[in-house]
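Dear colleague,

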Amino acid sequence: MSIYSLYRSILRPVIFSLDAETAHNTTIKMGKIMESMPKSLVAQTVAPKPVTVMGLNFSNPLGLAAGMDKNGDIIDYLGSLGFGFIEVGTVTPLPQDGNPKPRMFRIVEANGIINRMGFNNKGVDYLVKNLVNRKYKGIVGVSIGKNEVTPIEDAHKDYITCMKKVYQHCDYIAVNVSCPNTPNLTALQEQEPLNNLLSLLKQEQFRLADNTGKYVPLVVKIAPDLNDTAIEAVCKACLQNHIDGMTCTNTTTSRDTVYGLRHAGEWGGLSGKPLYDLANKIQKKVYNIIGDEIPLIGVGGVNDVITAREKLKNGAKLIQIYSGFVYEGPKVIKDIVDNL
């Protein structure tokens, strides 16, 4: 019996007895311990389901979304669980503490999580060291953002700083302009600011590709709370700037699906099962506009093979999981990949 098959019955009750952020930090510490153990004890074998997306070869289409391993502390452990790719971050140029605690809350009745972490991370230089030292050979993406103290009109400088530093040490870069927990960040999704930002990032991407001989795809992560006009504007900006991928979606500020439940009144982004229908709705609308011109990464509410298949059915080429991983444990990776 795999140690991960015991997660729901033994490990999860212990972890869930802690507050959500303490549990998260404990998981990172446990992952570091796991990395020092023989791989035969901690690794999980999944069926090969190779796909090629954005010119990259993935061992399978299921990845870990950003937010779990912000600083790249346990890439090797997470990679051993069978993910086809790992996305670390969101990282900012300078270290920052993020928002005041408490800032992460489980909505257990709905298999949801609300967070308002605020891009807490140790800074891009710390992350780069972990990227350089990783042994994991799979695909690694880096989600980049801006420091809270950086004025929104100078946001492009932070994104470019992060992009330059991680470029040679990752396989793709995700541009996070949709997190609801950093003041004014989502304003970057408006057509003119987004078009300006993406234009500058594409120029930098081509310059770095020429200098390094390596082309690192750019992915834009969008919010689930956009109206139809905003969705069309975002898609237009991504198409015009030849963005390599789009992630649908980030967390939502909506509470329609969890109204009245414990912690539902906390501000921040809601993820997990309550986000599923909304994220799928946005993904369908995006796919109807862009078709296969830009590959989609479907994320939001994935917690089993059925929800994963639905993302693929609705046009996604890759899938990501985070809250479902928290609630179901590592075995959900094998259950999904083996049955896709």
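Phe-16 and Tyr-327 are both buried, where buried means under 20% relative accessible area, exposed means over 50%, and partly exposed lies in between (1.4 Å probe, protein chains only). This is a predicted model, in which local features need pLDDT of at least 70 and side-chain atom pairs count only at pLDDT 80 or more, while totals for chains, interfaces and linings use all residues. Residues are numbered from 1 along each chain as its sequence is written, and side-chain values use heavy atoms, with hydrogens and water left out.

Aromatic contacts

The structure holds four aromatic pairs. Rings of Phe, Tyr and Trp (its six-membered ring) pair if their centres lie within 6.5 Å; planes under 30 degrees apart count as stacked, over 60 as edge-to-face and the rest as tilted. One of the pairs joins Phe-16 to Tyr-327 in an edge-to-face arrangement, with 5.4 Å centre to centre and 80° between the planes. Since Phe-16 belongs to helix H1 (residues 7-16) and Tyr-327 to helix H11 (residues 323-328), this pair ties together parts that are 311 residues apart in sequence. Helices (H or I, at least four residues) and strands (E, at least two) are DSSP runs, numbered from the N terminus.

Another of the pairs is formed by Phe-58 and Phe-85; it is edge-to-face, at 5.2 Å centre to centre and 80° between the planes. Phe-58 lies in strand E2 (residues 56-58) and Phe-85 in strand E4 (residues 85-91), so parts 27 residues apart in sequence are tied together by the pair. Phe-58 counts as buried at 2% relative accessibility, and Phe-85 is buried with a relative accessible area of 0%. Together with Tyr-172, Phe-58 and Phe-85 form one aromatic cluster.

Phe-16 also has charged side chains over its face. Arg-12 lies there at 4.7 Å from the ring centre, and Arg-106 lies over the face of Phe-16 at 4.3 Å from the ring centre. A charge sits over a ring if NZ of Lys or CZ of Arg is within 6 Å of the ring centre and within 35 degrees of the ring normal.

Cysteines

The structure holds zero disulfides, a disulfide being a pair of cysteine sulfur atoms within 2.5 Å. Cys-170 is in no disulfide, and the nearest cysteine sulfur, that of Cys-162, is 11 Å away. Cys-170 counts as buried, at 0% relative accessibility. Cys-238 is likewise in no disulfide; its nearest cysteine sulfur belongs to Cys-235 and is 6.6 Å away. Cys-238 counts as buried at 0% relative accessibility.

Helix packing

The axes of helix H7 (residues 191-212) and helix H8 (residues 228-240) come within 9 Å and cross at roughly 20°. Axes are lines fitted to C-alpha atoms, for helices over the stretch in contact, and angles run from 0 to 180 degrees between N-to-C directions. The crossing of H7 and H8 is right-handed. A crossing is left-handed if the near helix is turned anticlockwise from the far one by less than a right angle, and right-handed if clockwise.

H9 and helix H10 (residues 305-313) pack at an angle of about 20°, with axes 10 Å apart, and are therefore roughly parallel to each other. H9 passes H10 in a right-handed crossing. Leu-275 is located in the loop between strand E11 (269-272) and helix H9 (276-290), and counts as buried at 2% relative accessibility.

Backbone geometry

Most residues other than glycine have a negative phi, and most peptide bonds are trans.

- The peptide bond from Lys-101 to Pro-102 is cis, with omega near -5°. Pro-102 is in the loop between E4 and strand E5 (104-107), and counts as exposed at 53% relative accessibility.
- The peptide bond from Cys-248 to Thr-249 is cis, with omega near 10°. Thr-249 is in the loop between strand E10 (245-248) and E11.
- Phe-119 has a positive phi, near 55°. Phe-119 is in the loop between strand E6 (112-115) and helix H5 (124-133), and counts as buried at 3% relative accessibility.
- His-242 has a positive phi, near 55°. His-242 is in the loop between H8 and E10, and counts as exposed at 58% relative accessibility.

With kind regards

Key. Angles under 35 degrees count as roughly parallel, over 145 as roughly antiparallel, 65 to 115 as roughly perpendicular and the rest as oblique.
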